[in-house]
Amino acid sequence: MPSEIKSDANKRVPLDRERLLRSAMAIADAEGNSALTIRSLAEELGVKPMAIYHHVANKEEILDGIIDMVFAEIDFPPTDTDWKTAMRHRAISARRTLARHHWAIPLMESRGNPGPATLRHHDAVIGSLRRAGFSIEMTAHAYSLLDSYIYGFALQEFVSLPFDKETAPEVAERMLAKSPTDRYPYLTELAIEHVLQPGYDYGNEFEYGLELILDGLYHVLHSG
């Protein structure tokens, strides 16, 4: 007999692995990975903790499952365009996905049992680079470089939320008000001439850096 949960209409709804993982992701999205426990998941689903073990062995298996769900949300590099455009599309999609699932950033490459969506994604990215003419070694270098940048920027963006385009001017002004401008002349210059300018958005830095990386990879690919 499958485990069951109650719906709003007091009907018995079967508890399956997909429902369990979606609820686990919802907890992680709302409260972070540390809030996701067997007990908190059971409470979210309205079942006893032992019911969870009918579908997964432990929390690690849950994490494997929801990380695979995150990878499933990231677009593959398109196959109907050049490799730079394809890598740019995939990188932007990855950043947007990680913005929805900040808790996943440090876990994306840490799972010892990657799921099918994860493996399909890696294969698609590697294939895009190989078809473009990258050697196996350069493919490894390029993939590592791109993902280090994507994950690093996503993490930086998350911890820098007070500096988003809505609040950055106010935060910068408070910092300047508390600091002698002659003591930190370059920081003051950057704040006044850039951060405090209309339309500033830290997120715009992502595509600028991404273009530098892609241009560098293009140069390496065509310089040999």
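Leu155, Phe158 and Val159 form a nonpolar patch on the surface. Together they have about 260 Å² of accessible area, computed by the Shrake-Rupley method with a 1.4 Å probe, with only the protein chains shown as cover. A patch here takes residues with over 30% relative accessible area and no salt bridge, and joins nonpolar side chains within 5 Å. A salt bridge would be a side-chain nitrogen of Lys or Arg within 4 Å of a carboxyl oxygen of Asp or Glu.

A word on the source: this is a predicted model, where local features need pLDDT of at least 70 and side-chain atom pairs count only at pLDDT 80 or more. Residues are numbered from 1 along each chain, and side-chain values use heavy atoms.

Back to leucine 155. It lies in helix α7; helices are DSSP runs of H or I, at least four residues, numbered from the N terminus.

Next, arginine 130, in helix α6. Leaving out residues up to four places away in sequence, arginine 130 touches Ser135, Ile136 and Thr139. Contact means heavy atoms within 4.5 Å.

Last, helix α4, residues 59-73. Its 15 residues should span 21 Å at 1.5 Å a residue, and its end C-alpha atoms are 21 Å apart, which agrees. The expected span is 1.5 Å times one less than the number of residues. Buried residues of α4 include Ile62, Leu63 and Phe71. The buried residues pack against α1, α2, α3, α5, α6 and α7.

Conventions
Helices (H or I, at least four residues) and strands (E, at least two) are DSSP runs, numbered from the N terminus. Buried means under 20% relative accessible area, exposed over 50%, partly exposed in between (1.4 Å probe, protein chains only). Patches are made of residues with over 30% relative accessible area and no salt bridge: like charges are joined within 9 Å, nonpolar side chains (Val, Leu, Ile, Met, Phe, Trp, Tyr) within 5 Å.
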